[in-house]
Amino acid sequence: MNIFFAISLVFFLFCSNGCEKSEELISPYHYSILPKPSGFKIIKADTTTTGKWRVTMSWTISDTSNLKHFEVFRSIKYSDIFKIIQSNYTSYTFIDSSLPSFTDSVKLFYKVFPIGQKTDIRTGAKVTFTGPEADIDSITIKKPK
Amino acid sequence: MKIVQLVFILLLMAQIGASQTRYTSLENSPTLTIKEMSSDPVPIMPEWNVRKITGLAYSTFVPGSGQFYLGHKLKGSLITVGFLASFVTAIVSHNNFISNRERLDNLKYEYYSADRYALAEELWKQIKEVHDEQKVNERKRTISSFISAGIWALNIIDYLFFTDDLGVADFSNTLKINDNLISTDLQTIFSIRVPL
């Protein structure tokens with residue numbers, strides 16, 4: 001009969017301790033490195049004294065402890081094909097005066113990314129980290145007739 | 001949960017241990033009689049013989065096969081199917097659990113290496129999904145393991161106390177042989193000796 005005790009014990013020990021438990025969920029680090037730029041908006045679109053169009057936008061950011069600079073992106077007509085128009089930008093107001101030529105009107109989309117640095121958990125080294133993008137803002141520019 | 005397991009084990013041991021003290025165990029003769037130590041009517045341990053011991057060995061390693069061997073084919077089949085189903089479920093769940101763990105390790109590596117918030121956020125969502133899936137597989141594995149163990153234990157208890165030998169219609173092909181032709185030697189050939 002001892003064999004049945006042994007097999008019973010093996011079964012129940014297998015059930016209770018034999019299989020490893022799932023690990024605890026790791027805590028997310030990416031929320032605390034860089035905040036999302038807030039209040040991103042296009043303030044105005046006007047022309048320079050030489051007649052070039054320019055678009056002025058601004059934003060704020062709540063925590064600058066890991067912030068190094070910003071990158072500004074622009075898309076023409078569509079809101080999904082963005083190209084970088086300014087990198088290593090350290091101010092909170094940006095003027096885009098390099099608009100492409102257009103006939104009657106053009107719709108422009110802008111967004112801004114904060115660029116900072118994070119500490120690699122495994123190596124301890126400081127590495128570049130691109131933070132969450134600000135909400136996209138857009139403006140339609142029309143040439144006066 | 002561990003307390004429940006412990007209580008179950010103790011009850012199982014107490015039950016089998018009590019049966020040991022109440023009945024004499026097997027000794028040298030192929031057919032052994034039971035000597036009741038008390039006058040309690042239940043449980044009634046069936047008479048032990050070579051077939052009973054062989055079936056016990058079957059039931060120990062494949063639950064239900066001992067009952068099948070003794071002629072309780074429906075009961076034996078149900079126990080076997082139930083045990084195998086829960087056991088296979090436990091194995092599959094454990095395999096999925098291991099796969100989830102490996103996937104989590106890879107995702108964690110990518111997550112810690114991410115250089116963009118968007119990528120990190122996407123990986124983080126995947127980590128949460130896989131972690132939840134791993135929890136579900138862990139639960140399924142635990143439940144299936146306990147069901148398997150429970151069926152095994154009930155199978156042994158059923159075999160010891162509630163399964164009578166219905167005859168020699170067992171796994172062998174002796175069904176078509178005249179009973180008179182079945183000698184003790186032939187039965188010995190088709191049976192397995194288990195020294196307990």
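This is a predicted model: local features need pLDDT of at least 70, side-chain atom pairs count only at pLDDT 80 or more; totals for chains, interfaces and linings use all residues.
Asn88(A) belongs to strand β4 of chain A, which spans residues 83-89, and its phi is positive, at about 50°, although the residue is not a glycine. Most residues other than glycine have a negative phi.

Of the 145 residues in chain A, 17% are buried. When contacts between residues at least 6 apart in the sequence of chain A are considered, 60% of them join residues at least 24 apart.

An open sheet of three strands in chain A has the order β1-β2-β5, and its pairing is antiparallel. The pairing of β1(A) with strand β2 of chain A, which comprises residues 53-60, is antiparallel and consists of seven bridges; within β2(A), Thr60(A) is the bridge partner of Ser38(A). In a regular strand the side chains alternate between the two faces of the sheet.

A further antiparallel pairing in chain A involves strand β6 (residues 105-119) and strand β7 (residues 126-130), which are joined by five bridges. In this pairing, Gln117(A) is placed opposite Thr128(A) of β7(A). The hairpin formed by β6(A) and β7(A) has six residues between its strands, and in this hairpin Gly124(A) adopts a positive phi near 80°.

Ile136(A) is located in the loop between β7 and β8 (137-142) of chain A. Because it has 15 C-beta neighbours inside 10 Å, Ile136(A) counts as partly exposed. Once the neighbours within four places in sequence are set aside, the contacts of Ile136(A) are with Ser79(A), Phe109(A), Tyr110(A) and Lys111(A). Ile136(A) can also be related to Phe40(A): the two are 96 residues apart along the chain, and their C-alpha atoms are separated by 7.7 Å.

Chain B, in turn, has six helices and zero strands, so that its pattern along the sequence reads α-α-α-α-α-α. Buried residues account for 28% of the 196 residues of chain B, and among its contacts between residues at least 6 apart in sequence, 55% join residues at least 24 apart.

Two helix pairs of chain B, both involving α5(B), were examined. In one pair, the axes of helix α4 (residues 73-113) and helix α5 (residues 117-162) of chain B come within 7 Å and cross at roughly 160°. The two helices α4(B) and α5(B) are therefore roughly antiparallel to each other, and their crossing is left-handed. The residues of the contact between α4(B) and α5(B) comprise 16 nonpolar, 15 polar and eight charged.

In the other pair, the axis of helix α2 of chain B (residues 50-61) comes within 9 Å of that of α5(B), with a crossing angle of roughly 170°. Helices α2(B) and α5(B) are therefore roughly antiparallel to each other. On the side of α2(B) the contact is made by Gly55(B), Leu56(B) and Ser59(B), and on the side of α5(B) by Asn155(B), Ile156(B) and Tyr159(B). By class, the residues of the contact of α2(B) with α5(B) are three nonpolar, three polar and no charged.

Tyr159(B), a residue of helix α5 of chain B, counts as buried because 27 C-beta neighbours lie inside 10 Å. Apart from neighbours within four places in sequence, Tyr159(B) is in contact with Gly55(B), Leu56(B), Ser59(B), Gly66(B) and Gln67(B). One of these residues, Leu56(B), is 103 residues away from Tyr159(B) in sequence, while the C-alpha to C-alpha distance between Tyr159(B) and Leu56(B) is 7.1 Å.

Terms used
Residues are numbered from 1 along each chain as its sequence is written. Chains are lettered from A and ligands numbered from 1 in the order in which they are written. A residue is buried if 20 or more other C-beta atoms lie within 10 Å of its own, exposed if 12 or fewer, and partly exposed in between; C-beta atoms are placed from the backbone. Two residues are in contact if their C-beta atoms, placed from the backbone, lie within 7 Å. Axes are lines fitted to C-alpha atoms, for helices over the stretch in contact, and angles run from 0 to 180 degrees between N-to-C directions. Helices (H or I, at least four residues) and strands (E, at least two) are DSSP runs, numbered from the N terminus. Angles under 35 degrees count as roughly parallel, over 145 as roughly antiparallel, 65 to 115 as roughly perpendicular and the rest as oblique. A crossing is left-handed if the near helix is turned anticlockwise from the far one by less than a right angle, and right-handed if clockwise. Ala, Val, Leu, Ile, Met, Phe, Trp, Tyr, Cys and Pro count as nonpolar, Asp, Glu, Lys and Arg as charged, and the others, Gly among them, as polar. Two strands pair if DSSP finds at least two bridges between them.
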